[in-house]
Amino acid sequence: MKSLLITGASGFLGWHACKFPQEKWKVTGTYFNHPDSLPPRTDHLRLDLERKDEVWRTLKQLRPDAVFHLAACSSTNYCEENPEASRQTNVSGTAHLSEMCADRKIRLVFTSSEQVFDGLCSSYCEEDTPSPGNEYGRQKLEAEKLIGAIYPDACIARIAVLFDLAGSSNKGFLQQWLESWQAFLPVTAFHDEIRSFLSAMSAVEGLFKLLEQDARGIFHLGGETAMSRYDFALLVRSTLKIKAGKVISKSQQEVKMAAYRPPNLTLNTGKMASLGFQPRHPEAELRRIAAEIILQPGFFAN
């Protein structure tokens, strides 16, 4: 059995990657500060990606056949307000890992972001020129360029906004919405922010597809249908039949935020489709999620 190292295993996407049902890879996850956020029964170790010696020792010790590099400071507002600190992880740590994977000829799949685009076009394919409008996007683009120079055979997956259920300490926005509704509190969602919402399970499927097909270069990994955050919130409420699910529609301009939020990040996923990958519609994924959650009596409509 081949071995797969997953950085950022205690994060939202990493949690799902470690739990993903597959039989071809022995998975080891890494964390930095939160071992309690790892899925149960996950082989794991602590790794500081900013320390080249630690990265080297880890790769030498584990001798992985492949790496999913998922670790990141992914809060756009945090990156905007703490550019130097976040850059150490998002850029410097990525460069260290890329150099050593290239040296040891370890397959590398790196997760970048839709935020490398400014959101001013109707949709984006892999050949479109990136133009990030916030610090997080600039860091991800710099990491992409470094990987391209250091390890041209690596694979880069630009991932859309993710939703799904995870652990109690690495919740995504969907879990936060459900908890708000469970407490009979409203959810606020932007009507002028369009995204290609993708379930974390579909995202991990896509990453394994890229790995197993030995893909190289850049791929866009997004959902089947693009919609506004507000429309997605309405879809969640209707699909999960939530009675007490009030949704407040707002414009981005009504909320003060540190980072620029691109208005439209619809991803063209035709290149992924050519590999045989087809993400499920968000409604189908939400029906799966509805079967997985247990909430207080009366939360769902009869």
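Guide: Helices here are DSSP runs of H or I with at least four residues, strands are E runs of at least two, and both are numbered from the N terminus. This is a predicted model, where local features need pLDDT of at least 70, side-chain atom pairs count only at pLDDT 80 or more, and totals for chains, interfaces and linings use all residues. Residues are numbered from 1 along each chain as its sequence is written, and side-chain values use heavy atoms, with hydrogens and water left out.

Visitor: Okay, where does Thr89 lie?

Guide: Thr89 sits in helix H4, residues 83–104.

Visitor: What makes Thr89 count as buried?

Guide: Its relative accessibility is 17%, and buried means under 20% (over 50% is exposed, in between is partly exposed; 1.4 Å probe, protein chains only). So Thr89 goes down as buried.

Visitor: Which residues does Thr89 touch?

Guide: Leaving out residues up to four places away in sequence, Thr89 touches Glu50, Ala72, Cys73 and Thr94, with contact meaning heavy atoms within 4.5 Å.

Visitor: Why are H8 and H10 called oblique to each other?

Guide: The axes of H8 (residues 229–239) and H10 (residues 282–292) cross at roughly 45° and come within 10 Å. Under 35 degrees would be roughly parallel, over 145 roughly antiparallel, 65 to 115 roughly perpendicular, and the rest is oblique. H8 and H10 are therefore oblique. The crossing of H8 and H10 is also right-handed.

Visitor: Which residues make that contact?

Guide: From H8 you have Phe232, Leu235, Val236 and Thr239, and from H10 Pro282, Glu283, Leu286 and Arg287. By class, the contact of H8 with H10 has five nonpolar, one polar and two charged residues.

Visitor: On to the sheets: why do S3 and S11 stand at the edges?

Guide: The open sheet has seven strands in the order S3-S2-S1-S4-S5-S6-S11, with parallel pairing. S3 (43–46) and S11 (217–221) each have a single partner strand, so one side of each has no neighbour in the sheet.

Visitor: How do you know that S4 and S5 pair?

Guide: Pairing takes at least two DSSP bridges between two strands, and four join S4 (residues 66–69) to S5 (residues 107–113), which run parallel.

How values were computed
Axes fitted to C-alpha atoms, helices over the stretch in contact; angles between N-to-C directions. Left-handed = near helix turned anticlockwise from the far one by under 90°. Nonpolar A, V, L, I, M, F, W, Y, C, P; charged D, E, K, R; others polar.
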